[in-house]
Amino acid sequence: TRVTYKALDASHLAQQYILQDTPVPFAAADEYIQYTARTFDIWPLWLCPLKPTPHPTINPFPASGHGASSPLLNVGLWGPGPKRREDFVAVNRELEAKLVEVGGGKALYARTYYTEEEFWRIYDGGWYDALRTKYGATSMPSIYDKVKPGEEEAKKSFRDLVLGVRPLGGLYGILAALRSDEYRQSRAARGKWIH
């Protein structure tokens, strides 16, 4: 997965595609799926039950405790989004608001468009900061720093325009992933854990 995201980031396609795993309580699944159908019209959806994870945890259960003692349904949305940056951010923010409304959350491997204050209210910033302090990790980027869009995503350059031409962006992304340390490390590790 890390190599795939390396390619996606390098290609700049992450700025045009909705790529979200969104766990929701089973009781809210129908409402949420109807919302995603109306708003995104992305098909097929990835539907995968998730077994409960005891608290404390940050992912996939938000701090509100919804789903902490019962299974959730992960609804994977992976498809094209609006091309204009403003529209893309707006539809992602709307998705995040709907998730909060139905008691769901986001799997934190993908971009999040919450403000930092919203993010830590949802994902229990106090618990997370205490954990970082306990393990001496406060000098490292936080999970929010890792999943928020970078400032460079808001700026369009000539390179962005070129990478926006299909299939140039995808080909560039694949090349960048193949040249990356992540790819070499994953190739070197292949089979080491199989006994």
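Predicted model: local features only at pLDDT ≥ 70, side-chain atom pairs only at ≥ 80, totals over all residues.

Biologist: How many helices and strands are in the chain, and in what order do the elements run?

Modeller: The chain has 9 helices and 3 strands. Starting at the N terminus, the order is α-β-α-β-β-α-α-α-α-α-α-α.

Biologist: Where in the chain is confidence lowest, and where is it highest?

Modeller: pLDDT is the predictor's confidence in each residue, from 0 to 100. Here the chain has a mean pLDDT of 79, and 69% of its residues reach 70 or more. Helix α7 (residues 158–163) has the lowest confidence, with a mean of 62, while α2 has the highest, at 95. Over residues 63–67 the pLDDT stays under 50, and the model has 10 contacts beyond four places in sequence for that stretch.

Biologist: What share of the residues counts as buried?

Modeller: Of the 195 residues in the chain, 42% count as buried. The accessible surface comes to about 11,600 Å², and carbon and sulfur atoms account for 59% of that area. As for contacts between residues at least 6 apart in sequence, 73% join residues at least 24 apart.

Biologist: Why is T22 classed as buried?

Modeller: A residue is buried when its relative accessible area is under 20%. T22 has a relative accessible area of 0%, and is therefore buried. This residue belongs to strand β1 (residues 17–25). Its side chain makes a polar contact of 2.9 Å with that of Y32. Beyond its neighbours within four places in sequence, T22 is in contact with Y32, L73, N74, V75, L95, L99 and G105.

Biologist: Which residues is Y35 in contact with, leaving aside its neighbours within four places in sequence?

Modeller: They are F40, E94, L95 and K98. Y35 itself is found in helix α2 (residues 29–39), and is buried because its relative accessible area is 5%. Although Y35 and L95 are 60 residues apart along the chain, their C-alpha atoms are separated by 9.0 Å. With E94, Y35 forms a side-chain polar contact of 3.4 Å.

Biologist: Which residues form a nonpolar patch on the surface?

Modeller: W46, W78 and Y109 form such a patch, with about 320 Å² of accessible area together. Y109 is placed in the loop between α3 (85–102) and α4 (116–122). Its relative accessibility is 34%, so Y109 counts as partly exposed.

Biologist: Are D41 and D124 exposed or partly exposed?

Modeller: D41 is exposed because its relative accessible area is 55%. D124 is at 34% relative accessibility, and so counts as partly exposed. Phi of D124 is likewise positive, near 50°.

Technical notes. Residues numbered from 1 in each chain as written. Heavy atoms only, no water. Patch = residues over 30% accessible without salt bridge, like charges linked within 9 Å, V, L, I, M, F, W, Y side chains within 5 Å. Areas by Shrake-Rupley, 256 points an atom, 1.4 Å probe, with all protein chains shown as cover. Salt bridge = Lys/Arg side-chain N within 4 Å of Asp/Glu carboxyl O. Helix = DSSP H or I, 4+ residues; strand = E, 2+ residues; numbered from the N terminus. Buried < 20%, exposed > 50% of the residue type's maximum accessible area, 1.4 Å probe, protein only. Contact = heavy atoms within 4.5 Å. Polar contact = N/O pair within 3.5 Å; in protein donor to acceptor, adjacent residues only side chain to side chain.
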